[in-house]
Amino acid sequence: MRRIAMLASVAAAGLLLSACGGGSAVEDANPSEASGSVGVFTWWADGSEKVGLDALVDIFSEQYPNLKFDNLAVAGGAGSQAKSVLAANLKSGNPPDSFQAHAGAELQDYIAADQLEDLTSFYEEAKLNEAFPKDLLDRLTVDGKIYSVPSNIHRANVVWANVDVLKKAGLDPAKPAADLDAWFADMDKIKESGATPLAVAGTWTQVQLFENILLASLGAEGYNGLWDGTTDWASADVTKAIENYKKALSYTNSDRDTLSDWGPATQLVEDGAAAYNVMGDWAEAKFSQDGKKPGEDYVYFPTPGTDGVFDFLADSFTLPKDAPNADGSKAWLTTISSVDGQQAFNAAKGSIPARTDVPADKFGEYQKSAIEDFSSDTIVSSLAHGAAVPVAWLNELSTAVSKFGGPQDVAALQDSAASIAKKFQQ
Amino acid sequence: MFKKVKTWGPALALISPTLVLLAVFVYALIAENVRISMTNQHTARPSSDFVGMENYFRLFGDADFQHALRNLLLLTVVFLAGTLVFGFLWAWILERPAFGEGFFRSVYLFPMAVSFIASGVVWRWLLSSLQTDQSGGERTTGLNRLLDSVGLGFLQNSWWSDPNWGIAAIAVPAIWQLSGYVMALFLAGFRGIPEELREAARIDGCSEWKLYRHVIFPQLSPVMLSAVIIIGHMSLKLFDLIRAIVPDANTYDIQVPATMMWVKYIGSDYADSAAIGTIMLVLVALVVVPYLIYTSRQEKR
Amino acid sequence: MTTATVPPPVQVATPRPPAPRTGRQKMNRTLKYAILLLFVFVVLIPAYVLFITSFKGPSDADPSTAWLLPTTWETAGWAKAWDTLAPALGRTFAMVIPASIISAFLGSMNGFVLSRWRFPYANVVFTLILFGMFIPYQAVMIPLTQLMQGLGVPNGIPSLLVLHIVYGLPICTLIFRNYYESVPSELIEAARMDGAGLLRTYASVILPISTPGFVVVLIWQFTSAWNDYLFAAFFSSGSNGPVTIALSFLAGGQLTDYAASMAGALIASLPTLLVYIILGKYFVGGLMSGSVKG
């Protein structure tokens with residue numbers, strides 16, 4: 001009996017595999033003739049990110065009525081949970097039709113493992129080389145080829161603040177501090193008034209806070225140098241930066257590691273339990289979803305000391321090799337990079353389009369200012385979100401940052417970070 | 001000779017599917033895992049240069065991995081101590097017939113039926129680390145809130161949010177779930193002690209304490225050994241529970257080899273991940289293999 | 001819990017008759033019950049929290065009332081949990097039931113052979129099988145993902161089905177072997193004298209008396225496959241995985257919806273809890289590993 005059961009399951013498995021055809025070459029895939037379902041893997045499983053995805057799916061259904069969107073979303077901010085599931089799926093030979101990945105260094109691992117199709121010809125067909133800014137294209141190009149299509153740009157160096165809490169401490173919401181020291185002085189006032197000055201959550205959000213402090217302390221060039229080797233991690237400047245981070249931590253909520261993701265920390269600011277939260281601008285969508293008004297309930301500004309710098313990360317979509325429905329994938333990629341798609345998605349998600357030709361009138365106040373900043377500011381890559389360094393480097397540095405949260409040993413963190421950098425810069 | 005084959009031939013044939021499956025899925029995979037651990041495949045970039053024991057040496061010399069090992073030791077000690085103490089206590093009280101003993105046994109045992117993920121949902125909330133006397137203390141929930149409301153506020157602590165002792169807090173839900181099992185083991189052990197033995201000891205004028213020391217504990221030692229082995233090896237493998245309680249897998253306070261293996265895996269560091277897996281196997285084998293050999297010899301008697 | 005993280009079952013025999021009562025013993029009795037009840041209270045704390053939190057709505061969100069009963073009993077948490085978990089529940093049943101049955105049959109055959117038929121190194125073989133029960137799966141996980149891909153087994157339920165069968169073999173074998181050791185050899189001898197071969201003996205003599213063994217093994221495999229997270233995390237995703245994965249995503253999202261995640265934990269635990277309540281006797285009863293017999 002068991003033999004029959006086993007035979008049956010093997011037979012079923014075989015049938016399943018034959019039903020999914022082999023992945024056809026990208027050049028042959030024709031989106032307008034595509035049909036069937038398109039399995040898209042993201043980590044936009046809830047909150048403001050889900051709202052954005054839903055808007056994009058609506059446009060997709062309009063543009064390609066023959067295709068069904070199969071939502072393979074997996075929860076867990078910054079994609080940590082999703083990346084592991086994706087890794088397992090790719091390793092076991094079950095790629096989705098398209099998956100979300102941060103543009104930048106994070107893609108290098110997939111490219112090196114030969115898991116992505118080259119999309120350079122797709123860019124030419126869809127005329128994306130004219131639509132996207134040059135800085136962005138540079139970040140996406142590896143050895144002359146492009147491997148993903150960005151759907152949106154996010155900024156990682158924004159502070160979100162609660163107006164009432166600021167006022168209660170005697171601070172003017174319209175006048176944020178000009179640099180870190182002034183900001184710390186403001187935080188002292190918040191502390192005296194009884195609120196938590198700075199809200200932060202688990203490891204990856206601490207890494208994001210860390211990168212902001214690094215950026216504010218070292219400036220754009222110094223910050224970039226940390227990743228390309230021109231800045232010495234063992235230098236006194238970095239020591240000062242880490243000491244600034246230590247000071248920042250002293251103003252944070254003590255239950256940071258137990259918060260399940262970025263949301264609860266931003267919620268503290270929204271509810272008035274904390275004054276400041278350094279978070280990417282996906283927080284904007286959360287505030288507006290919860291009915292808060294910019295200027296009245298909350299304000300935002302670039303992290304003190306990083307004015308004029310745009311710490312970017314971009315979500316992008318790829319075409320994996322051997323995708324079950326390559327036609328459908330290309331259709332999805334077309335929607336994402338289209339003007340309508342970028343407009344609908346970014347308006348809902350709180351990010352800004354990667355395309356430069358999307359009319360700005362449909363966007364909210366924050367986004368308009370971000371679009372302006374993006375075109376004029378110096379652009380640097382986010383550490384915490386896969387733009388600056390590959391995954392393995394980020395993981396080790398994250399461990400070191402997590403460790404720092406307890407004993408707060410500045411020398412230890414500096415040494416760890418230096419040796420990690422040395423290891424990966426070879 | 002052929003007669004012998006005829007005797008045990010069919011038997012071997014019947015269990016051969018199992019033997020083949022286990023040879024592949026256990027032993028062959030272990031070997032392959034060890035092979036991977038000896039390469040330098042540290043990123044998704046395919047690279048399989050043989051580097052021997054280099055990864056192992058580096059891991060053992062790595063302060064973070066040492067911390068994970070220390071955590072594992074602490075976790076195991078606390079987990080074992082807790083389950084043995086409560087399991088024995090409950091079994092000791094319940095081994096004499098009592099009214100409602102079935103009810104008590106059922107209640108103490110039910111946590112075992114629940115998955116670590118499900119229990120992690122509630123224990124994450126219970127072990128929340130904010131305390132009422134800290135900034136933002138009005139947001140305190142979980143056990144800290146309970147302790148504060150019943151006047152035991154001084155017992156509040158940061159639970160697992162502590163770099164040195166945090167892992168002991170993880171042992172609390174584990175003890176909650178497995179003490180009932182240890183109780184069942186001890187109960188079986190107690191009931192395996194013939195009444196005549198106790199009667200004989202009493203007739204000889206043994207005091208209660210002497211009875212326990214010379215009759216009952218020795219009879220219970222096989223049970224205790226079983227409990228130590230089983231709980232010990234579960235502790236070495238513990239992963240689900242930690243993942244369910246601690247939101248970010250890369251949190252320093254509660255790192256154990258099992259979570260480090262996961263973090264490395266997500267980071268595509270397959271060689272290190274495989275090495276940690278092998279180290280975990282060796283640790284478990286150190287505990288389990290002597291036990292298996294011992295019981296196998298026992299049975300030969 | 002994966003198959004090897006679930007400890008082997010234990011037999012609880014019938015109790016002895018009660019001893020006569022003295023005054024001091026009466027006081028001891030009161031003390032005894034006080035302690036027992038205290039522990040009942042402590043052990044049930046998490047269950048209490050799960051229950052009341054699952055029914056709380058936004059009006060009860062304040063942490064200061066966290067331990068009190070809900071002021072209004074809301075079912076929104078349950079509705080959301082059900083919506084999220086229902087598909088996963090169906091998939092989990094589809095995986096767990098066949099896996100339990102198949103590994104039970106295999107275990108029964110193995111147990112029979114190993115308890116009765118002597119062949120060279122039978123003990124060594126048994127030990128090698130048993131060791132498979134104790135290994136940390138992390139030690140095989142990476143090559144296992146490659147193997148499953150190489151065999152062409154799709155992610156999700158098919159993979160998990162295969163894995164739970166394979167890795168359940170050691171414990172099922174152990175339970176049945178110990179169970180069959182207590183079968184009187186006269187039965188087997190009689191069949192052998194009648195000229196029955198191994199298979200015939202198994203089918204006509206052993207199988208009919210195996211019901212208690214099957215009950216224990218089925219319950220055990222059901223519980224361990226239902227509660228598994230490790231394999232599910234590596235071999236499935238939210239859309240094709242079992243209820244443990246679905247629950248971890250429900251509880252781990254960006255917005256901490258405590259009512260939904262607590263309700264979800266209860267829903268996800270219901271089947272195994274029911275098995276435990278209804279078949280509790282067998283859950284604990286059964287055969288012990290040889291060493292405990294002492």
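**Domains and contacts in a predicted model**

Q: How far apart are the centres of domain 1 and domain 2 of chain C?

A: Domain bounds are taken from an automatic or database domain assignment. Taken over C-alpha atoms, the centres of domain 1 of chain C and domain 2 of chain C are separated by 33 Å. Domain 1 of chain C spans 21–74, and domain 2 of chain C spans 76–286. This is a predicted model, in which local features need pLDDT of at least 70 and side-chain atom pairs count only at pLDDT 80 or more, while totals for chains, interfaces and linings use all residues. Residues are numbered from 1 along each chain as its sequence is written, and chains are lettered from A, and ligands numbered from 1, in the order in which they are written.

Q: Where do the bounds of domain 1 and domain 2 of chain A fall?

A: In chain A, domain 1 comprises 24–152 + 313–374, and domain 2 comprises 158–311 + 380–425. Their C-alpha centres lie 28 Å apart.

Q: How many residues of domain 1 of chain A are in contact with domain 2 of chain A?

A: Two residues are in contact if their C-beta atoms, placed from the backbone, lie within 7 Å. Here, 27 residues of domain 1 of chain A contact 24 residues of domain 2 of chain A.

Q: How many residues does each chain give to the contact between chain B and chain C?

A: Chain B contributes 85 residues and chain C contributes 78 residues. Helix 1 (residues 2–37) of chain B gives the most to the chain B side, with 16 residues; helices are DSSP runs (H or I, at least four residues), numbered from the N terminus.

Terms used:
Helices (H or I, at least four residues) and strands (E, at least two) are DSSP runs, numbered from the N terminus.
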